[in-house]
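This briefing is intended to be read beside the sequence and the coordinates. Please keep both at hand.

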Amino acid sequence: MHPALCRSWRHSLARLGGLLALALAAGLWFDAVWPALCAALALALGSILWRLHRLSQRLRDRRRVEPLPGEGIWPELYGLVYRRQREARTRKRRLVSMLRAFREAAAALPDAILVLEAPERRIVWFNEAATRLLGLRYPQDIDAHLSHLLRAPRVVEWLESWNCDEPLLDVASPADERLRLGLRLIRYTGRQYLLVVRDISMLMRLEQMRRDFVANVSHELRTPLTVVHGYLDMIEPEDFPELAAGIVEMRRQSARMAQIVEDLLTLSRLEAKERLDEETVAMAPMLRTLEHEARALSRGRHRIAFEDEAKCDLLGSGKELHSAFSNLVSNAVRYTPEGGEIRVRFAREADGGLSLAVRDTGPGIPAQHIPRITERFYRVSSSRSRESGGTGLGLSIVKHVLNLHQASLEIDSTPGQGSTFRIRFEPRRTLLRETEPA
Ligand code: ADP
């Protein structure tokens, strides 16, 4: 109880106690006082009950209680209720103005914000931009399931996974198909998620321009390079002894340029694809081809071993997978010094998936380079890469091929001891081999 109210109660009770004691003493002396005493008590009790009833009626009807003048229990009680009501009104006004400011801020946002509830992706709330970007209508779409409104299989799959780690980019807007959207999920309570939808049309256009530019430049360079390379091949260095070293170097560099152009074209082709045509990739002949290529590149300078432990085939694109595997194997051969060892192991994983691991005893890669090593033209040491005839695009191609196969690349390396590049495929890509190759 409030201390002031408590004090008033104590005073009132003390006063009442005094009066009762006085009345009892009078009653004991004069019998005739009893009826008058009882009537006075009943009157006092009735008045208290009536006042309490009026106060509770006001509170129940949510009407304002005004403070009473004077002192005593009733002014104290009314004053207390009056103050509490005034505080509640101030708090409510503050909350309403905060809510209004929040609504205005949400409406001014250029990004669409949706509150979704798990597990059915029910729309709990959305701002104005969601109408422009996703075509949502208020209030009809409140409580609707988002996957009924965004039906592209890619979007439904992403929404079903509640993937808060990676945004989904380049989604066509259901309201205007010229708009390209980026979607990001943020979990903020156990069951509720915030979906932020951003118009990334401009970014996607720039990205497309960059891709087209690289593809066009590479394409335009291909023909002149073929001509230069062809003529250089026709010139015999022995016929021009004073230019022999220059001719050999020109041949080497033009071959490298041609390889860069081919790799850039491969990357452009892979970037333009969302999915690949999938087939059964027979791994026994694939491993034999890779081994043959590795031995040809090594020319007997390394110990090379291939182990086919999985005895399974892969579901994927044979051409692209060969290009990814071959990049890893050729890196292992190119970066491992003479006398080193290269082991390629195709195995079945505990989860039923397949893995291809390429291990070498080369120079290794310092840990700080590993996160960036699959970026285009990223090199640990540009001189070492150039000496080995690299283009700086090999691992970028590997990454793109693996993304199109939903596979992952793990790099484990110790500088001075060697590296292991391991590709892991999901179990759904494992195919039992029907006939063992001869
Ligand atoms: P490059 O054509 O230059 O080899 P990659 O994209 O294939 O380009 O590789 C990127 C960089 O990663 C290389 O320049 C090299 O520094 C490093 N690298 C790749 N594979 C190996 C390996 N097996 N051992 C040591 N370093 C490697």
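The points below cover a helix pair, a further helix and some backbone features. The model is predicted, so local features require pLDDT of at least 70 and side-chain atom pairs pLDDT 80 or more, while totals for chains, interfaces and linings use all residues. Residues are numbered from 1 along each chain as its sequence is written, and side-chain values use heavy atoms, without hydrogens and water.

**Helix pair**
- Helix α8 (residues 244-271) and helix α12 (residues 394-404) have axes that come within 10 Å and cross at roughly 20°.
- That angle makes α8 roughly parallel to α12 (angles under 35 degrees count as roughly parallel).
- In α8, Asp 263, Thr 266, Leu 267, Leu 270 and Glu 271 meet Ser 396, Ile 397, His 400, Val 401 and Leu 404 of α12, where contact means heavy atoms within 4.5 Å.
- Five nonpolar, three polar and two charged residues form the contact of α8 with α12.

**Helix α3**
- Helix α3 (residues 73-108) has 36 residues and reaches 53 Å from first C-alpha to last, close to the 52 Å expected at 1.5 Å a residue.
- Its buried residues (under 20% relative accessible area, 1.4 Å probe, protein chains only) include Trp 74, Tyr 78 and Ala 106.

**Backbone features**
- The peptide bond from Ala 118 to Pro 119 is cis, with omega near 5°; Pro 119 is in the loop between β1 (112-117) and β2 (122-126).
- The peptide bond from Tyr 138 to Pro 139 is also cis, with omega near 5°.
- Trp 162 has a positive phi, near 45°, and counts as buried at 17% relative accessibility.

Methods
Axes are lines fitted to C-alpha atoms, for helices over the stretch in contact, and angles run from 0 to 180 degrees between N-to-C directions. Helices (H or I, at least four residues) and strands (E, at least two) are DSSP runs, numbered from the N terminus. Angles under 35 degrees count as roughly parallel, over 145 as roughly antiparallel, 65 to 115 as roughly perpendicular and the rest as oblique. Ala, Val, Leu, Ile, Met, Phe, Trp, Tyr, Cys and Pro count as nonpolar, Asp, Glu, Lys and Arg as charged, and the others, Gly among them, as polar. The expected span of a helix is 1.5 Å times one less than its number of residues. Buried means under 20% relative accessible area, exposed over 50%, partly exposed in between (1.4 Å probe, protein chains only).
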